[in-house]
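Hi,

Here is the structure I promised to pass on. Have a look at it first, and my notes on its salt bridges follow below.

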Amino acid sequence: HESIVEHVRRLLSEIFKLGIKVKLLLLDAGYYSIEVINMLNSSGIKFIMRMPDIGKFKDGDDLIYTTDSHKHLANEQATFRVVAFNGRNRAGRTELFVFATNTDLKAKKIRKVFRKRWAIETSYRMINQFLPKTTSKFYSLRRLYFYLAVLFYNMWVLLNYKHERVIVEH
């Protein structure tokens, strides 16, 4: 029941309590908001955030952008760099990828860095293929199933790395 900006602030607070320094924060388009960008900018946290395609940008754009939301006053708008480039989506079709950032990284580097995040998402989707179905309400059992799914997934990755491709059917 918290706003997106409060959610990000709380998660960052937990990370800082653990003594972890954030060099670069990668965020999906679900976190795109003026409030989140302003909070990250004022905190000095470097970020790359996928933006929803709002139809204002085209392949090759690399510019400083200030939002023009009618929901915010002029001094509440966010200013950040926008980098846009064409790439292939999961279906293999060309898609425009638009990113908000406060870094000075080149477009190629942004693409390379953000790709790592996509790989993490893919691994979580794959872990779900190893996750047994249950209706149990016991948290400890559900956690055990998740740990086993992670273990099996990692074994599958290792087998694929060392041998031929192993196919998992659901």
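Searching the whole structure turns up seven salt bridges, counting any side-chain nitrogen of Lys or Arg within 4 Å of a carboxyl oxygen of Asp or Glu. Keep in mind that this is a predicted model, where local features need pLDDT of at least 70, side-chain atom pairs count only at pLDDT 80 or more, and totals for chains, interfaces and linings use all residues. Residues are numbered from 1 along each chain as its sequence is written, and side-chain values use heavy atoms, with hydrogens and water left out.

One of the bridges joins Glu95 and Arg50, at 2.9 Å from N to O. Glu95 sits in strand β5 (residues 94-101) and Arg50 in strand β2 (residues 47-51), so this pair links distant parts of the chain, 45 residues apart (strands are DSSP runs of E, at least two residues, numbered from the N terminus). Arg50 is buried at 14% relative accessible area, while Glu95 is partly exposed at 26% (buried is under 20%, exposed over 50%, partly exposed in between, with a 1.4 Å probe and protein chains only).

Then there's Arg81 with Asp62, whose closest N and O atoms are 2.7 Å apart. Here strand β4 holds Arg81 and strand β3 holds Asp62, 19 residues apart. Arg81 is buried at 11%, and Asp62 is partly exposed at 45%.

Asp68 and Lys56 also pair up, at 3.2 Å between the closest N and O atoms. Asp68 lies in the loop between β3 (62-66) and β4 (79-88), and Lys56 in the loop between β2 and β3, so the bridge ties together parts twelve residues apart in sequence. Asp68 is exposed at 55%, whereas Lys56 is partly exposed at 44%.

Cheers

Key: Helices (H or I, at least four residues) and strands (E, at least two) are DSSP runs, numbered from the N terminus.
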